[in-house]
Amino acid sequence: MTVNVSHTAEIQRLFNEAAGLNNDQGNPRVKAILLRIINDLAKVIEDLDITDNEFWFAVDYLNRLGGRNEAGLLVPGLGLEHFLDVLQDAKDAEAGLTGGTPRTIEGPLYVAGAPMGEGEVRMDDGSELDHATVMFLEGVVRDNQGRAVAGAVVDLWHANTQGNYSYFDKSQTPYNLRRRIVTDAEGRYRARSIVPSGYGCAPDGPTQECLNMLGRHGQRPAHIHFFISAPGHRHLTTQINLSGEAYLWDDFAYATREGLVGDITFVENPTAARERGVQGARFAELTFDFQLLQAPHVDAEQRSQRPRALQQA
Ligand code: MBD
Ligand code: FE
């Protein structure tokens, strides 16, 4: 038997008061959102008969989640960041904005201000060359007519062979595996880097603790993140997820999409390796082109205002 008091006049008065509806200060938008969340949460507590122990466990969980800086990790893990993409896709379709490279989630591991290069960059600091596979990544940025976009900024970041990202992993050098590349006159970007490994949630962290209770793993396939921007074009946030990866279609963050699988090829050829300046015989090649949409208004040229890390010198 569920007891229900959230709808009573007494509790509605309480929640309206708590959400600031009895004053003319503050922010009306925040008031409307908080009122809805308080009411919906109260309904969840009643309908699912949430016990005191369950409620206070959840409060403590949120403290621990924030304490480990993992709120931005649980969000994709629960499918909510992918939901935001699908929602934006539907809004775009409604507005007739279709085509181009699909968007997919940013994730929590971007760092602003990466070193910038013209046309071609080296991304890795060389520290893993005794065990990493060198990767040559290149492609062309095109507009909605298929014309090359010169001067586009390709801001890309990926994990090392341990699946870890510089800045968040303090054992790596600043901006390791993070670069910005300005496309050349043919719209081309080129990077020499190393083949990344898939990311896994910290086994002792609160996100994995939640996933364990859901009977789920916290693994991602190997992938490369991109922000691509150019004047007049709509900002694109996306990823290349690598073919042949165990978790390609079993990604805990639900980022892999049709059209975003990168066909990486591994080459075993001592001569080709030497010509490319690679020690030994083995290296990898990955070609991936992007297509941007026209920006419907100038704001659409920019990425979201989501708070992000900025490396301090
Ligand atoms: C990642 O590398 C990532 O891209 C996402 C979305 C979540 C966790 C780690
Ligand atoms: Fe990632």
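Student: What makes the pair Thr 161 and His 131 a polar contact?

Tutor: The side chains of Thr 161 and His 131 come to 3.3 Å. A polar contact is a pair of N or O atoms within 3.5 Å, where within protein one must be able to donate a hydrogen and the other to accept it, so the pair qualifies. Bear in mind that this is a predicted model: local features need pLDDT of at least 70, side-chain atom pairs count only at pLDDT 80 or more, and totals for chains, interfaces and linings use all residues. Residues are numbered from 1 along each chain as its sequence is written, chains are lettered from A and ligands numbered from 1 in the order written, and side-chain values use heavy atoms, with hydrogens and water left out.

Student: Thr 161 and Gln 162 sit next to each other, so why does their polar contact count?

Tutor: Residues adjacent in sequence count only if both atoms are side-chain atoms. Here the 2.9 Å contact joins the side chains of Thr 161 and Gln 162, so it passes.

Student: Why is Thr 161 called buried?

Tutor: Its relative accessibility is 16%, and buried means under 20% (exposed is over 50%, partly exposed in between, with a 1.4 Å probe and protein chains only). So Thr 161 counts as buried.

Student: Where is Thr 161, and what does it touch?

Tutor: Thr 161 lies in the loop between strand E5 (153–158) and strand E6 (178–182); strands are DSSP runs of E, at least two residues, and helices are runs of H or I, at least four. Leaving out residues up to four places away in sequence, Thr 161 touches Glu 128, His 131, Ala 132, Ile 194, Val 195 and Ser 197, contact being heavy atoms within 4.5 Å.

Student: On to the domains. What makes Glu 209 and Arg 64 a salt bridge?

Tutor: Their closest N and O atoms are 2.7 Å apart.

Student: How do you know how much area is buried between domain 1 and domain 2?

Tutor: Buried area is the accessible area (1.4 Å probe) that two parts lose on being put together, summed over both. For domain 1 and domain 2 that is about 870 Å², with carbon and sulfur atoms giving 54%. In domain 1, Tyr 61, Arg 68 and Leu 73 lose the most, together 58% of what that side buries.

How values were computed. Salt bridge = Lys/Arg side-chain N within 4 Å of Asp/Glu carboxyl O.
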